[in-house]
Amino acid sequence: MANGHHWDPRWPEPAFPGADTFEGTQLHAHSYVDNSIFAGKDVVVLGMGNSAMDIAVESSYVAANTYLAARKGAWIIPKYVFGKPVDQLPNNPRIPFAIRQRMIHQTIKTLTGPPERYGLPKPDHKFGEAHPTVSGRILDRIAHGTIAPKPNIASLQGERVRFGDGSEVHADVVVYCTGYKISFPFFDADFLAAPDNHIELFRRVFHPQIAGLYFIGLLQPLGAIMPLAEAQSAWIGDYLRGEYALPSPAELQRDIAADQAAMRKRYIASKRHTIQVDFDDYIYALDTERRGGAERARTRGFAVPIRARASIAGA
Ligand SMILES: NC(=O)c1ccc[n+]([C@@H]2O[C@H](COP(=O)([O-])OP(=O)(O)OC[C@H]3O[C@@H](n4cnc5c(N)ncnc54)[C@H](OP(=O)(O)O)[C@@H]3O)[C@@H](O)[C@H]2O)c1
């Protein structure tokens, strides 16, 4: 399974009052192509994730007015720090996360200051407890007066949008940058589903109950996804060749439960935070698991799993 998790748009749930009779255009970030649709218009962008940052910035160059609405604050991370892409800063998985978190937070705070100084909402969580919002330009565009921060949308009426603080603006376009659903439309929901983006897999790859179903790229890394997908593919390859053996079903369940508990502890509760991984930590843990599973396979005589044998014979 490698069907991705950023293609099925999540619209605001429930829809805002008046959304069905709003006279302007409403679109989800997923169908955004370029900023020509904003030329000369009044635009409201909703969200504080990376889509909202990029789309608000692009709108700010051509729109008459751009408003950035958010129900929650975010720590905004510049794209480059000390002349390096931010995800290439030293991040040793052997150093406890809390220490790494404090060091990176201090660096960001020194560079940009708190978001509320730009008129954005104050984050209600510590740095690192939400999927990072990375933008090199949003603060600059706000500082230049080309984007006006607003609280969450409260309702839509005719051509107007009302916000949580009671203020109202004229709007031609509302862009919902409200994230995505994990979905598997080709499976019956009672076979496999991810309600509210929850899906329990062993290290994001092996389904604990459904043998022969492996997932690639169903994870949200802090860092690039491609090397992780490659590492997962190699791991599945080991398994299919009989060179890796899974832990016992009870151990799988324990590992999944521990992983879920760690994610709940680390991240604020949100449908955005159900498949998070840290790039370096994930690679390190996967490597350790592959070696442990190779040893298990050796003691079991390198048996190729029955499911894999069946599919190879079928092919
Ligand atoms: N340049 C880039 O690298 C780039 C650009 C775009 C996207 N991406 C990636 O693509 C993925 C998706 O990003 P995304 O920004 O589209 O989605 P996202 O990260 O899931 O963010 C969704 C945002 O919408 C808010 N939201 C959701 N429902 C809402 C509601 N009903 N009312 C008000 N606010 C609501 C969320 O707030 P809460 O936090 O309160 O839930 C959050 O701020 C991420 O992995 C992101 O890093 C990367």
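Student: Which helix is Asp-238 found in?
Tutor: Keep in mind that this is a predicted model. Find residues 226-240 and you have the helix that holds Asp-238. That stretch is helix H4.

Student: Is Asp-238 buried or exposed?
Tutor: Its relative accessible area is 10%. Buried means under 20%. So Asp-238 counts as buried.

Student: And which residues is Asp-238 in contact with, leaving aside its neighbours within four places in sequence?
Tutor: Here a contact means heavy atoms within 4.5 Å. With those sequence neighbours set aside, the list for Asp-238 is Glu-243, Tyr-244 and Arg-290.

Student: Which aromatic cluster does Tyr-244 belong to?
Tutor: Tyr-244 turns up again here, having been a contact of Asp-238. One cluster brings Tyr-244 together with Phe-202, Phe-206, Tyr-214, Trp-235 and Tyr-239.

Student: How many aromatic pairs does a search of the whole structure find?
Tutor: Ring centres have to lie within 6.5 Å for a pair to count. Searching the whole structure that way gives 14.

Student: What kind of aromatic pair do Tyr-214 and Tyr-239 form?
Tutor: Their rings sit 5.7 Å apart, centre to centre, with 70 degrees between the planes. Planes over 60 degrees apart fall in one named class. For Tyr-214 and Tyr-239, that makes the pair edge-to-face.

Student: How many residues apart in sequence are the parts that this pair ties together?
Tutor: Tyr-214 lies in the loop between strand S14 (180-181) and strand S15 (220-222), while Tyr-239 is in helix H4. So the pair links parts whose separation in sequence is 25 residues.

Student: Are Tyr-214 and Tyr-239 buried or exposed?
Tutor: Tyr-214 has 12% relative accessibility, and Tyr-239 has a relative accessible area of 14%. The cut-off for buried is under 20%. So Tyr-214 is buried, and Tyr-239 is buried.

Student: How far is the polar side-chain atom of Asn-50 from an oxygen atom of the ligand?
Tutor: For Met-48, a backbone N or O atom lies 2.9 Å from a ligand oxygen. Arg-71 places a side-chain N or O atom 2.9 Å from a ligand oxygen. For the polar side-chain atom of Asn-50, the distance is 2.7 Å.

Student: How much of the ligand's accessible area does the protein cover?
Tutor: On its own, the ligand has 920 Å² of accessible area.

Definitions and conventions. Residues are numbered from 1 along each chain as its sequence is written. This is a predicted model: local features need pLDDT of at least 70, side-chain atom pairs count only at pLDDT 80 or more; totals for chains, interfaces and linings use all residues. Side-chain values use heavy atoms; hydrogens and water are left out. A polar contact is a pair of N or O atoms within 3.5 Å; within protein, one must be able to donate a hydrogen and the other to accept it, and residues adjacent in sequence count only if both atoms are side-chain atoms. Accessible areas come from the Shrake-Rupley method with a 1.4 Å probe; for residues, only the protein chains shown count as cover. Helices (H or I, at least four residues) and strands (E, at least two) are DSSP runs, numbered from the N terminus. Buried means under 20% relative accessible area, exposed over 50%, partly exposed in between (1.4 Å probe, protein chains only). Rings of Phe, Tyr and Trp (its six-membered ring) pair if their centres lie within 6.5 Å; planes under 30 degrees apart count as stacked, over 60 as edge-to-face and the rest as tilted.
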